[in-house]
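Please read the following note alongside the sequence and the model. The points are numbered so that each can be checked in turn.

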Amino acid sequence: MLRRLADQFEASSSVHVAANNIERDADWFLLKLQEEMGELTQAWNRLTGRGRAKGRSPEDMQRDLADEAADVLGHLLLFARHNDLDLAAAIERKWLFRPAEVPKS
């Protein structure tokens with residue numbers, strides 16, 4: 001599942017970088033992830049009253065938070081894909097569960 005999702009992010013990212021003449025070298029993947037993490041932090045600060053709302057409604061700010069979290073996830077998957085990291089195996093190893101197993105509620 002993670003590989004398929006990473007491939008989808010790669011397809012979208014490739015179109016974006018080609019259209020904007022951006023070179024994705026090894027550093028770009030980590031730097032872009034850091035940039036997106038900063039944007040997620042900014043969205044969190046706005047939503048929690050630690051930053052200026054800039055005219056955004058609470059609903060807008062909640063959507064911004066979700067959008068920025070999606071960007072972080074996408075860029076994390078791009079970073080892992082570029083560096084040939086098996087995140088599914090790492091999740092199983094580090095978190096002691098199999099990603100396909102979902103607890104029953």
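How are α1 and α3 oriented to each other: roughly parallel or roughly perpendicular?

1. This is a predicted model, in which local features need pLDDT of at least 70 and side-chain atom pairs count only at pLDDT 80 or more, while totals for chains, interfaces and linings use all residues. Residues are numbered from 1 along each chain as its sequence is written, and side-chain values use heavy atoms, with hydrogens and water left out.

2. To take up the opening question, the axes of helix α1 (residues 2-19) and helix α3 (residues 58-82) come within 9 Å and cross at roughly 100°, and the two helices are therefore roughly perpendicular to each other. Here helices are DSSP runs of H or I with at least four residues, numbered from the N terminus; axes are lines fitted to C-alpha atoms over the stretch in contact, with angles running from 0 to 180 degrees between N-to-C directions. Angles of 65 to 115 degrees count as roughly perpendicular, under 35 as roughly parallel, over 145 as roughly antiparallel and the rest as oblique.

3. On the α1 side of this crossing, L2, L5, A6, D7, F9, E10 and S13 meet A70, L73, G74, L77, L78 and R81 of α3, where contact means heavy atoms within 4.5 Å. By class, the contact of α1 with α3 has 8 nonpolar, 2 polar and 3 charged residues; Ala, Val, Leu, Ile, Met, Phe, Trp, Tyr, Cys and Pro count as nonpolar, Asp, Glu, Lys and Arg as charged, and the others, Gly among them, as polar.

4. R81, which is found in helix α3, deserves a separate look. Leaving aside neighbours within four places in sequence, R81 is in contact with A6, D7 and E10, and a polar contact of 2.9 Å joins the side chains of R81 and D7. Such a contact is a pair of N or O atoms within 3.5 Å, of which, within protein, one must be able to donate a hydrogen and the other to accept it, and residues adjacent in sequence count only if both atoms are side-chain atoms. R81 and E10 are 71 residues apart in sequence but 8.4 Å apart in space, C-alpha to C-alpha. With a relative accessible area of 40%, R81 is partly exposed (buried means under 20%, exposed over 50%, partly exposed in between, with a 1.4 Å probe and protein chains only).

5. The largest nonpolar core has 5 residues in all, L33, L40, A43, L65 and V72, a core being a set of buried Ala, Val, Leu, Ile, Met, Phe, Trp, Tyr and Cys residues joined through side-chain atoms within 4.5 Å. The elements giving two or more residues to this core are α2 (26-47) and α3, and α2 supplies the largest share, 3 residues. Not counting residues up to four places away in sequence, A43 touches D64, L65 and E68.

6. N21, in the loop between α1 and α2, has a positive phi of about 55° although it is not a glycine, and N21 is exposed at a relative accessible area of 73%. K54 lies in the loop between α2 and α3, and its phi, near 50°, is likewise positive in a residue other than glycine.

7. At the start of helix α4 (residues 87-95), a side-chain oxygen of D86 reaches to within 3.3 Å of the backbone nitrogen of A88. After α4 comes L96, whose phi is positive, near 60°.
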